[in-house]
Amino acid sequence: MTLVSSQPPHARPHGQSPLHAVQVLGGGSAGSSAHVRSLAAGLVARGVRVTVCAPDEAEHLYDFTGTGAAHVAVDRSTDPASVAALRAVCAEADLVHAHGLHAGLRASLALGRRVPFVVTWHTRAHAEGPRAHLLRLLERRVAKAASVLLGTSSDLVDRARARGARDARLAAVALPAPVGRAADGAGEEHHEAADGPKARAELGATERPLLLAVGALERHGGHEVLLDAAAMWRELDPVPLLVIAGEGVLRPDLQRRIETEDLPVRLLGSRRDVPELLAAADLALLPSRWESRSVFAQEALRAGVPLVATEVGGTPELVGDAAELVPYGDAGALGGAVVRLLGDPGRRQWLVERGTWQAGTWPTEDATVAQVLSVYDELTRPVPFA
């Protein structure tokens with residue numbers, strides 16, 4: 001006869017403490033940080049004891065303790081002090097769940113005993129030359145260390161399997177309600193919320209189409225291609241205005257091009273009012289070299305803003321036919337799609353309606369928590385005995 005407990009781990013036998021799940025936050029992007037907050041809230045509500053290991057600035061922005069979780073300040077580094085601090089927390093855990101590649105590495109270094117180890121890959125790092133080889137080694141180490149690796153898009157799951165993951169699965173990841181979110185994931189200046197018409201007036205787009213892109217100004221963001229495309233719609237009447245919310249190392253170069261080429265583009269810097277900017281926008285643009293489950297793409301479809309995006313990574317499975325998809329790096333295709341949509345209100349309305357339908361197919365926060373709990377249950381249930 002085989003005896004196993006019928007209780008899930010969050011409903012522990014009488015007299016035992018509840019399951020203790022430690023969440024380790026990695027790079028702290030807006031998507032992964034908001035996901036950890038949402039997950040912590042759902043787990044605590046279901047009786048799980050949750051500790052979030054993240055820097056103090058992440059706690060300030062995302063208020064993990066407001067969900068009922070505990071917060072332990074741990075820097076995002078692999079120095080001995082940070083690993084030791086993480087090891088002390090993990091020593092009391094029934095299960096450790098790391099979010100991101102670097103969080104996975106730090107957690108694997110900190111685990112001094114055999115404990116179920118879940119890793120969620122929310123995105124992928126970009127590297128070239130010798131750094132690309134180091135990145136592959138890092139991915140292989142984390143993939144092999146994980147009891148279960150959850151990827152937020154199918155290509156991330158395939159990547160994890162190629163790196164040697166024992167058990168890689170597609171993660172159900174909801175779009176949580178924003179909590180203190182800046183456009184590039186950084187906690188910089190705050191802008192007062194404004195409705196659509198007010199935002200258009202503030203941006204100087206009351207009588208011209210407004211195009212919006214959001215994301216860190218980094219090499220993989222595709223912003224150079226976006227500026228190339230902007231030259232295509234400069235001849236339209238009225239001339240559309242492209243505004244880009246986000247900060248990054250490319251800002252000086254982009255600003256120089258905008259001024260030198262007299263492009264109809266404004267760099268807005270970090271913004272916390274992305275929903276209000278979307279309410280003002282006629283089109284949303286996502287020119288990235290790679291995306292998993294783009295928060296901005298999800299926000300655009302839910303807000304009823306037609307989206308033009310590159311056909312890369314997890315974007316096609318995320319948006320389906322509810323967006324205009326173009327090849328990465330093709331300024332002509334990107335600019336042409338914008339020009340066509342601005343001249344075709346019927347197509348824009350179809351995309352709005354299709355976007356609303358597509359958004360309804362995405363996982364809810366309850367479904368996300370339920371999947372994670374089922375994984376925790378698998379990894380912590382008692383071993384059957386005869």
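**A walk through strands, salt bridges and a pocket**

Reader: Let's start in the sheet: which residue in E12 is the bridge partner of Ala284?

Author: Happy to begin there, with the reminder that this is a predicted model. Strand E11 covers residues 283-286, and Ala284 is one of its residues. E11 and strand E12 (residues 307-310) run parallel and are joined by three bridges. Across from Ala284, the bridge partner in E12 is Leu307.

Reader: And how does the chain get from E11 to E12, and what is the hand of this β-α-β crossover?

Author: On its way from E11 to E12 the chain passes through helix H11, which spans residues 295-303. The hand of this β-α-β crossover is right-handed.

Reader: On the other pairing of E11, which residue stands opposite Leu285?

Author: E11 also pairs with strand E8, residues 210-214, in the parallel sense. Three bridges hold this pairing of E8 and E11. Opposite Leu285 stands Ala213.

Reader: Are the faces of strand E11 buried or exposed?

Author: On one side of E11 we find Leu283 and Leu285, and on the other Ala284 and Leu286. Both faces are covered, and these four residues are all buried.

Reader: Staying with strands, which residue lies 28 residues along the chain from Cys53, with its C-alpha 6.2 Å away?

Author: Cys53 sits in strand E2, residues 49-54. It counts as buried because its relative accessibility is 2%, under the 20% cut-off. The residue whose C-alpha is 6.2 Å from that of Cys53 is Leu25.

Reader: Now for charges: how many salt bridges does a search of the whole structure find?

Author: As background, side chains of opposite charge can pair when their charged atoms come close. One network of such salt bridges links Glu139, Arg159 and Arg163. Over the whole structure, the number of salt bridges found is 19.

Reader: How many residues apart are the partners Glu378 and Arg169?

Author: The side chains of Glu378 and Arg169 meet in a salt bridge, with N to O at 2.8 Å. This pair links distant parts of the chain, since Glu378 belongs to helix H15 (residues 365-380) and Arg169 to strand E7 (residues 168-170). Glu378 is partly exposed at 37% relative accessible area, and Arg169 is partly exposed at 22%.

Reader: Which helix holds Asp228, the salt-bridge partner of Arg257?

Author: The closest N and O atoms of Asp228 and Arg257 are 2.8 Å apart. Arg257 is in helix H9 (residues 251-261), 29 residues from Asp228. Both are partly exposed, Asp228 at 36% relative accessibility and Arg257 at 21%. The helix that holds Asp228, residues 223-230, is H8.

Reader: Arg257 also forms a salt bridge with Glu261, so how far apart are the closest N and O atoms?

Author: Glu261 and Arg257 both lie in H9, four residues apart, which is about one turn of the helix. Glu261 is partly exposed, because its relative accessible area of 33% falls between the 20% and 50% cut-offs. For Glu261 and Arg257, the closest N and O atoms are separated by 2.9 Å.

Reader: On to the backbone: is the peptide bond from Asp237 to Pro238 cis or trans?

Author: Most residues other than glycine have a negative phi, and most peptide bonds are trans. Pro238 lies in the loop between H8 and strand E9 (241-245). With omega near 0°, the bond from Asp237 to Pro238 is cis.

Reader: What is the phi of Asp63?

Author: Asp63 is in the loop between helix H2 (56-62) and strand E3 (70-73). It is partly exposed, with a relative accessible area of 32%. Although Asp63 is not a glycine, its phi is positive, at about 50°.

Reader: And what is the phi of Asp262?

Author: Asp262 has its place in the loop between H9 and strand E10 (265-269). At 62% relative accessibility, Asp262 counts as exposed. Its phi is positive, in a residue other than glycine, and near 55°.

Reader: Finally, how much space lies in the second largest pocket?

Author: Its lining includes Arg113, Arg114, Phe117, Arg166 and Leu379. By class, six lining residues are nonpolar, one is polar and three are charged. The space in this second largest pocket is about 170 Å³.

How values were computed
Residues are numbered from 1 along each chain as its sequence is written. This is a predicted model: local features need pLDDT of at least 70, side-chain atom pairs count only at pLDDT 80 or more; totals for chains, interfaces and linings use all residues. Side-chain values use heavy atoms; hydrogens and water are left out. On a 1 Å grid over the protein atoms alone, a cavity is a set of points where a 1.4 Å probe fits but cannot get out, and a pocket is an open set with protein on both sides within 12 Å along at least five of seven lines; lining residues have an atom within 4 Å of a point. Grid points are joined across faces, edges and corners, and a volume is the space filled by probe spheres set on the points. Ala, Val, Leu, Ile, Met, Phe, Trp, Tyr, Cys and Pro count as nonpolar, Asp, Glu, Lys and Arg as charged, and the others, Gly among them, as polar. A salt bridge is a side-chain nitrogen of Lys or Arg within 4 Å of a carboxyl oxygen of Asp or Glu. Helices (H or I, at least four residues) and strands (E, at least two) are DSSP runs, numbered from the N terminus. Buried means under 20% relative accessible area, exposed over 50%, partly exposed in between (1.4 Å probe, protein chains only). Two strands pair if DSSP finds at least two bridges between them. A crossover is right-handed if, with the strands pointing away from the viewer, the path from the first strand over the helix to the second runs clockwise.
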